[in-house]
Amino acid sequence: MMNVANLNVPFSANQQQLALLRLVNWGLKIGLILFATDLFGLITPPISFSYVLIIEACYVGFSYRFHRLSINNQGLLFLTLLLDTLFWATWLYYTGGATNAFVSMLLLPIAISAITLPRWAPWSLTALSTVFYSLMIITIADHMPDQPTMPVGGNMHAGHDMSQMAMDISASHLMSMGSHYLGMWFNFVISALVLTITVGFIAKRIRQKNVELQYLREAQLRQEKILALGTASAQMAHQLATPLATLRLLVDEIADTTHQPEQTELLADMQQALNRCEVTLSDLRLATESIREQKLLHQSVDKLVVLLSDQINLLMPETQLNICVTSAAEDAVLHTDMSLLPALLALVQNGAQASEDNSQGAKVDINFSVSPASNQELSISIRDYGVGIATHLLETLGSNMVKSPKGMGVAVLLSHTSFERLGGRLYLKAHPQCGTEAIVTLPLVHRDC
């Protein structure tokens, strides 16, 4: 929802201003009836009309007291604008109808709806207001006196000439007033259409721009967080290189001097952990260099599947991996860099951990397919067998760091950023059976590119 004057004002403040505007309109109606009927040529309404004003006063007080109810509720907001139109049309009818100088106030609900509501709302109010105005025009036409007729027979003397002149002037005046009211009706219709079409179009463009700006602000904040995380990660990775090299030398030295089976098995586990750390650091250096120098390469999906399987078997040998690649995806080609594989590995690792925590074993299903609609997008589905992710976390996980019992969601955030930088997207949704499904979409290129 957008504000008329200031797009940065909260929508609740807009609703409060709208309620205050109704109070001003109600006060204007009372003031015109009591003090300005002769000044503006209004008709004094009957005493029974006071009941309508009392009902409207109750409505104005209710709308001000409970103005927050219509926040993000387009149906309720349209209903309030509809009631505003009905109250204005009733007041106009009893104070002069189409001859009332304030008949243009019927345009006010149309203007507000054109700015704050979808296109159907201002069109509905325009049609309703036009019907009310047309009925008031018809009412005036019915109460206009008939055109006087010229007497038949008798001698035509000076008195008859004066009578004829008076009748001509009266007929001319009636025709002039009829044309004037018709022109007012036509002007009202044109004004309502301009508000509905032009203002509605401008408001729609402003809403779109506002959504784009909001997305850019969120993306900028996310990039700032990623930059801070990347800087800290690079510093820590640099600090870990020397201790890992020292541990490698110590483990190799112990392995050369130890021949006991129990220690040999323990040393094997230590060497496996060290290998994993060294491979991760090596991949980090390659990815950092690739991103810094903006090295993009064409990589086929079948090669990506092989690399992903090798990395999972090396770094997560306990993971039960089930990979399915469709025939269309095997021949697909991606335009990517070294950051894609670590981003996918992070999702697989999260899925394996979630499955293991749910006593299902470290089991993950990965499905590679091509979108049948356009054949220009690769879809990678990574499904785990965990207990699933809370719905309120699914909406924000990957866009911001989220506190949860399992961590801060940093791995998903980094993966999401990597996919966005490559022109892709990451979606998280609950699987119908159990667990969570992470869907990654990446744009494809032709092999001849």
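Analyst: The model is predicted.

User: What is the mean pLDDT of the protein chain?

Analyst: In the protein chain, 76% of the residues reach a pLDDT of 70 or more. Taken over the chain, the mean pLDDT is 78.

User: Which helix of the protein chain has the highest confidence?

Analyst: Confidence is lowest in helix H11 (residues 391-394), with a mean of 66. At the other end, a mean of 91 marks the highest confidence, found in helix H3 (residues 74-94).

User: How many contacts does the stretch of residues 1-11 have beyond near neighbours in sequence?

Analyst: The pLDDT over residues 1-11 is below 50. Where pLDDT is low, predicted coordinates should not be read in detail.

User: What share of the residues of the protein chain is buried?

Analyst: A residue counts as buried when its relative accessible area is under 20%. The protein chain has 449 residues, and the share that counts as buried is 36%.

User: Is asparagine 25 buried or exposed?

Analyst: Asparagine 25 lies in helix H1 (residues 11-35). Its relative accessible area is 10%, so asparagine 25 is buried.

User: Which residues is asparagine 25 in contact with, leaving aside its neighbours within four places in sequence?

Analyst: Contact here requires heavy atoms within 4.5 Å. With neighbours within four places set aside, the partners of asparagine 25 are Trp88, Met105 and Leu108.

Technical notes: Residues numbered from 1 in each chain as written. Predicted model: local features only at pLDDT ≥ 70, side-chain atom pairs only at ≥ 80, totals over all residues. Heavy atoms only, no water. Buried < 20%, exposed > 50% of the residue type's maximum accessible area, 1.4 Å probe, protein only. Helix = DSSP H or I, 4+ residues; strand = E, 2+ residues; numbered from the N terminus. pLDDT = per-residue confidence, 0-100.
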